[in-house]
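Let's walk through this structure together, one piece at a time. Take a moment to look it over, and then read on.

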Amino acid sequence: GRYRLEVIPPETGYTSVTVKSTGWTYKFPTVQRTIQARLRRPSWSEYSVLANDYIRFGAGTEVFGRIHSNYGIRFDGLAHNTVSSAVSDYNDPDHLGSNEFGVHTHNPVDPLPPTAVPDVPTVFEAGRSFPVGTADFSGVLADLSFMKTEAQAGTNGSLYFDNTNQGRHIILKANDTFDIRTVQSFNASTNEINNYSGGWSSYTIPNNGIIYVENNVWLEGTVSGKRVTVVAANLISAAKKTMYLGKDVRYTNYDCTDMIGLIGQQDVEVYRQSNNVLRIDAALIAQSGRVGRANYTGPYAIRDAITVYGAIASNQRYGFAWADISGNHVSGYIT
């Protein structure tokens, strides 16, 4: 017999390709059978949380997507999808004692290895898996260089902004534009902007393109019908830059029409006076640092709830909340 292969390339902005194979015999050439498969290049946003450090999820955490760490995971909330670790067991730095499973819970407390791993569907609805392969965060550095080149070339309307002063404040708008202003100085203790240099400028949001700032970025706003990546990175000197968030970053449409990727070369940091109820619709990557919120004190230290509708990839330990040695909430988001 014979077969025919049809390969449908990905649409702009997508990474999946469709392959269809149709076969028939010489004896019955009109009787055909078809198998179709969709193949996709792996993406950082496959995971709700991807970490290159120890990670802990408290009892107030609910996660719907996949979770993976190259180190150990303590999970005490509710995971609707799989939770995996690259290690079989580890010494959890959050408390004293013997090694625990690579993915373990204290809700209820797991037995210690080499005891058999119990099934805990009230915590791990889709199960847990360890040890598995690691994720390579060093590869993101090459991606940053490529993104800078694309932005400087203006690919798909991409835009490049230099390393003037302390960075840029960007407000995405649902009318397909964004406003941008140069940050003169910011408070290193609270990560909030002190003052600006010059006024606002307005540009069109590139679709399937990049807004690259060779400095820090403070970002907020809404997109409608746009897929855009915003980068805060410095490839000129050794001073790594951060993406700062604190006001909502929102989609208008939740059918994959709208997509936002936010990359901090150092951190993706939620500043102190952030929204009491904060929503971030985006995929977040901290290439060399972590996604999270510092252990702020004083006014605005404790906030109510944060929702990330997207993905978190964090090189160092991520977290939006802090507790004291007794487990009391002292800073950050309660839920």
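Asn 208 sits in the loop between β18 (193-204) and β19. This is a predicted model, and in it Asn 208 has a positive phi of about 60° although it is not a glycine. Most residues other than glycine have a negative phi.

Asn 156 is another residue to look at here. Its phi is near 55°, again a positive value in a residue other than glycine. You can find Asn 156 in the loop between α1 and β15. Asn 156 has a relative accessible area of 46%, so it too is partly exposed.

Strand β19 covers residues 209-213 and runs parallel to strand β21, residues 227-232, with five bridges joining the two. Which residue of β21 is the bridge partner of Tyr 212? That partner is Val 231.

An open sheet is built from 10 strands, in the order β14-β10-β7-β4-β30-β26-β23-β21-β19-β15, and the pairing is parallel. At its edges are β14 (128-129) and β15 (159-161), each of which pairs on one side only. Strands of a sheet pair through backbone hydrogen bonds, either parallel or antiparallel.

Most peptide bonds are trans. Pro 113 and Pro 114, however, are joined by a cis peptide bond with omega of about 15°, and Pro 114 lies in the loop between β13 (103-104) and β14. The peptide bond from Phe 130 to Pro 131 is also cis, with omega near -5°. Pro 131 has its place in the loop between β14 and α1 (139-153).

Finally, step back to see the whole chain. It has one helix and 32 strands, and its C-alpha atoms fill a box of roughly 80 × 55 × 35 Å along the principal axes. Of its 335 residues, 42% count as buried. Looking at contacts between residues at least 6 apart in sequence, 54% join residues at least 24 apart. The chain exposes about 16,200 Å², and carbon and sulfur atoms supply 50% of that area. As for charge, there are 28 positive and 30 negative side chains, and the centres of the two sets lie 7 Å apart.

Conventions
Residues are numbered from 1 along each chain as its sequence is written. This is a predicted model: local features need pLDDT of at least 70, side-chain atom pairs count only at pLDDT 80 or more; totals for chains, interfaces and linings use all residues. Side-chain values use heavy atoms; hydrogens and water are left out. Helices (H or I, at least four residues) and strands (E, at least two) are DSSP runs, numbered from the N terminus. Buried means under 20% relative accessible area, exposed over 50%, partly exposed in between (1.4 Å probe, protein chains only). Contact means heavy atoms within 4.5 Å. Accessible areas come from the Shrake-Rupley method with a 1.4 Å probe; for residues, only the protein chains shown count as cover. Lys and Arg count as positive and Asp and Glu as negative; His and the chain ends are not counted. The place of a charge is taken as NZ of Lys, CZ of Arg, CG of Asp or CD of Glu. Two strands pair if DSSP finds at least two bridges between them.
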